[in-house]
Amino acid sequence: MGAGGGTALIAIMLQIMHPSIAIPIHGIQQLSSNTTRVILFWKQMSWPIILRFSLLMPIGVWMGLKVFQGLPVEIIQILIGSFILFSLALQQLAKNRNKDFPLWGFYPLGLITGALNMLVGVIAPILGVLVIRKELSKESIVGTLGFFGFIGNLLKIIGFTIVGFSFMKYSLAIICVIPSGILGTYIGRIGLSKLNEKYFLILFRIVLIILAIKLIAIDGLEIDKLV
């Protein structure tokens, strides 16, 4: 599913992990995935877009860390659930888009992405919509998105390390999540040819919507305790 995998992963991780643990570890797994894409598509990347996107991102990471440290767990869960629903809606609206996202827009987009990466853990679905341009080949789009994920997750890991998050403390989870992601990619490639893409997309989005609603209503707003 490309960008859909990271979204599903953070939603599932939040069912068993505190956001302050899930988001940094999710960053490690995503960094390993995107590093591979960067290596494979290095020559096809759109560097004019990448340079604009990366310039202000460190400031966004700093801003996101400042906000993240002061937010209650419930608010973070509501933010992530809402962001998943917003991403799915934007993907549908983008099908009717006639104009490309302007090049100057990647400056503020990098700033916003840096901040949101610290808060919601995954912004790839929205970036995937905005980076599609008429002059870019599919290889350029995949490679550029891969670098977005690479630089975003690298800065995220650095940011959480600076504020004292101990990745070594969760080394077992990290050791498990990286190879399992590689295995999942292999299984996905095998299963892709055997599945009806249309119906699989519908099922996948339904699962994401259910997880997002749970994060908002049950984990965030705790509606189950009010009933």
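Trainee: Is Asp100 buried, partly exposed or exposed?
Mentor: In this predicted model, Asp100 is partly exposed, because its relative accessible area is 26%.

Trainee: Which side chain does Asp100 meet in a salt bridge?
Mentor: Asp100 pairs with Lys134, with an N to O distance of 3.7 Å. The pair ties together parts that are 34 residues apart in sequence, because Lys134 lies in the loop between helix 7 (124-130) and helix 8, while Asp100 lies in the loop between helix 5 (73-93) and helix 6 (106-120).

Trainee: And Lys134, buried or exposed?
Mentor: Lys134 is exposed, at a relative accessible area of 64%.

Trainee: How many salt bridges does a search of the whole structure find?
Mentor: The search finds three. One of them is the Lys134 and Asp100 pair. Another joins Glu135 to Arg133, whose closest N and O atoms are 2.9 Å apart. Lys214 also forms a salt bridge, with Asp219, and there the closest N and O atoms are 3.1 Å apart.

Trainee: Take Glu135 and Arg133. Why does Glu135 count as exposed, and why does Arg133 count as buried?
Mentor: Glu135 has 55% relative accessibility, so it counts as exposed. Arg133 has 10% relative accessibility and therefore counts as buried.

Trainee: What about Lys214 and Asp219?
Mentor: Lys214 counts as partly exposed at 29% relative accessibility, whereas Asp219 counts as buried at 16%.

Trainee: Changing topic: how many helices and strands does the protein chain have?
Mentor: The protein chain has 11 helices and zero strands. Read from the N terminus on, its elements run α-α-α-α-α-α-α-α-α-α-α.

Trainee: What share of the residues is buried?
Mentor: Of the 227 residues in the protein chain, 42% are buried.

Trainee: Which residues touch the most other members of the largest nonpolar core?
Mentor: Phe53, Ile80, Ile84, Phe148 and Phe160 do, within a core of 54 residues. Helix 8 (residues 138-162) gives the most to this core, contributing eight residues.

Trainee: Let us stay with Phe148. What does it touch, not counting residues up to four places away in sequence?
Mentor: Phe148 touches Ile49, Ile50, Phe53, Phe106, Leu127 and Val131. Among these, Phe53 is also one of the core residues that touch the most other members.

Trainee: And Ile84, what is one of its contacts?
Mentor: Ala11 is in contact with Ile84, and also with Leu211 and Leu215, leaving aside neighbours of Ala11 within four places in sequence.

Trainee: Where does Ala11 lie, and is Ala11 buried or exposed?
Mentor: Ala11 lies in helix 1 (residues 4-13). It counts as buried because its relative accessibility is 0%.

Trainee: Across the chain, what share of contacts between residues at least 6 apart in sequence joins residues at least 24 apart?
Mentor: For the protein chain, that share is 85%.

Trainee: Now the surface. Which residues form a nonpolar patch there?
Mentor: Leu154, Ile158, Ile162 and Val163 form one, and together they have about 340 Å² of accessible area. Ile158 is found in helix 8 and counts as partly exposed, because its relative accessibility is 42%.

Conventions: Residues numbered from 1 in each chain as written. Predicted model: local features only at pLDDT ≥ 70, side-chain atom pairs only at ≥ 80, totals over all residues. Heavy atoms only, no water. Core = buried A, V, L, I, M, F, W, Y, C linked by side-chain atoms within 4.5 Å. Buried < 20%, exposed > 50% of the residue type's maximum accessible area, 1.4 Å probe, protein only. Helix = DSSP H or I, 4+ residues; strand = E, 2+ residues; numbered from the N terminus. Contact = heavy atoms within 4.5 Å. Patch = residues over 30% accessible without salt bridge, like charges linked within 9 Å, V, L, I, M, F, W, Y side chains within 5 Å. Areas by Shrake-Rupley, 256 points an atom, 1.4 Å probe, with all protein chains shown as cover. Salt bridge = Lys/Arg side-chain N within 4 Å of Asp/Glu carboxyl O.
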